Amino acid sequence: MPALIVAFDGVLADTLLLRAHVLADAAAAEFQPRSMAAALAVLPGRTLLEAALALFADETERDPTLPELVALRAQRGYRQLVTHGVPVHPAVVDEVEAAGRRGDRVVVRADSERRDVEPLLALLGLDHTLAFLRCSDDRPHGAAASLVRSWQAIDGRLNGLRQPPSERVAWEPHGVTTTAVAGEFAARVRAF
């Protein structure tokens, strides 16, 4: 029984542009404008707070609350945008459904928070297809980046289910960091 680990943000759902939009808007609201391209460059594999910290790395020493305020505004704006659904990649949804029908273990890994992701998976009808879901705000919390923590938790759970890395396929958003981290825990990584 193979395992398919699919990133929610940027692979299953087209949320990266939405997240970049709210991050850029939140930065502008704090009088620190950043382009959508700059916001999009720091988002794959990161929470909104981690992305804000990366986006304002040079300003954080001068104003340590800036990234937190931007992330808070961005999260509020994102939640309003996704209330009624998000654009999805239909081919990926079809492949996830097919994997579920075959009996593969389907895992979704999200950079977004659980309270935003679960309703969207339910709208897609995928909530019953999943072996489990790992979101950025799930415990345990620690010093490592949320992407690494997510993959460590997924690895631990799949190891407990006797699912070796050689039987795992990961689908991550295109990016050096996301594919490199996934490659530590899965035999094959497909970048989208």
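The model is a predicted one.

**Stop 1**

Select Gln32, which is found in the loop between H1 and H2. Which residues does Gln32 touch, leaving out those up to four places away in sequence? Its contacts are Ala27, Phe56, Glu59, Arg62 and Leu66. Keep Leu66 selected and show C-alpha atoms: those of Gln32 and Leu66 are separated by 9.0 Å, although the two residues are 34 residues apart along the chain.

Now select Phe31, which lies in the loop between H1 and helix H2 (36–42). Phe31 is not a glycine, yet its phi is positive, at about 60°. Is Phe31 buried or exposed? Its relative accessible area is 73%, so Phe31 is exposed, given that exposed means over 50%.

Step back to Ala28, in helix H1 (residues 16–29). Ala28 has a relative accessible area of 40% and is therefore partly exposed.

**Stop 2**

Switch to a cartoon view and find the open sheet of 5 strands. In what order do the strands stand? The order is S3-S2-S1-S4-S5, and the pairing is parallel. The edges are strand S3 (132–134) and strand S5 (188–191); each has a single partner strand, so one side of each has no neighbour in the sheet. On average, neighbouring strands of this sheet are turned by 20° against each other, direction ignored. As background, strands of a sheet pair through backbone hydrogen bonds, either parallel or antiparallel.

- S3 and S2 pair in the parallel sense over 3 bridges.
- S2 and S1 run parallel and are joined by 5 bridges. Select Leu4 and its bridge partner in S2, Val106.
- Strand S1 (residues 3–7) pairs with S4 in the parallel sense, over 4 bridges. Ile5 has Ala170 as its bridge partner in S4.
- Strand S4 (residues 168–172) and S5 run parallel, with 4 bridges between them. Ala170 has Val189 as its bridge partner in S5, and Glu172 stands opposite Ala191 in S5.

Ala170 is worth a separate selection: it is the bridge partner of Ile5, and its own bridge partner in S5 is Val189.

**Stop 3**

Select strand S2 (residues 105–109). Why is S2 described as largely enclosed by the rest of the structure? The reason is that 5 of its 5 residues are buried, where buried means under 20% relative accessible area. Show the side chains: Arg105, Val107 and Arg109 point one way, Val106 and Val108 point the other way, and all are buried.

Repeat this for S4, where 5 of the 5 residues are buried. Arg168, Ala170 and Glu172 are on one side of S4, with Val169 and Trp171 on the other. Both faces of S4 are covered.

**Stop 4: H7 and H8**

Select helix H7 (residues 146–160) and helix H8 (residues 176–183). Their axes come within 10 Å and cross at roughly 25°. That angle makes H7 roughly parallel to H8, since angles under 35 degrees count as roughly parallel. The crossing of H7 and H8 is right-handed.

Show the side chains where the helices meet. From H7 come Leu147, Val148 and Trp151; from H8 come Thr177, Thr178, Val181 and Ala182. By class, this contact has 5 nonpolar residues, 2 polar ones and no charged ones.

Bring the sheet back into view. H8 lies across S4 and S5 and runs at about 160° to S5.

**Stop 5**

In the loop between S3 and H7, select Pro140. Arg139 and Pro140 are joined by a cis peptide bond, with omega at about 5°.

End at Arg162, in the loop between H7 and S4. The phi of Arg162 is positive, near 60°, in a residue other than glycine. Arg162 counts as exposed, at 76% relative accessibility.

Conventions:
Residues numbered from 1 in each chain as written. Predicted model: local features only at pLDDT ≥ 70, side-chain atom pairs only at ≥ 80, totals over all residues. Heavy atoms only, no water. Axes fitted to C-alpha atoms, helices over the stretch in contact; angles between N-to-C directions. Helix = DSSP H or I, 4+ residues; strand = E, 2+ residues; numbered from the N terminus. Parallel < 35°, antiparallel > 145°, perpendicular 65-115°, else oblique. Left-handed = near helix turned anticlockwise from the far one by under 90°. Contact = heavy atoms within 4.5 Å. Nonpolar A, V, L, I, M, F, W, Y, C, P; charged D, E, K, R; others polar. Buried < 20%, exposed > 50% of the residue type's maximum accessible area, 1.4 Å probe, protein only. Pairing = 2+ DSSP bridges.
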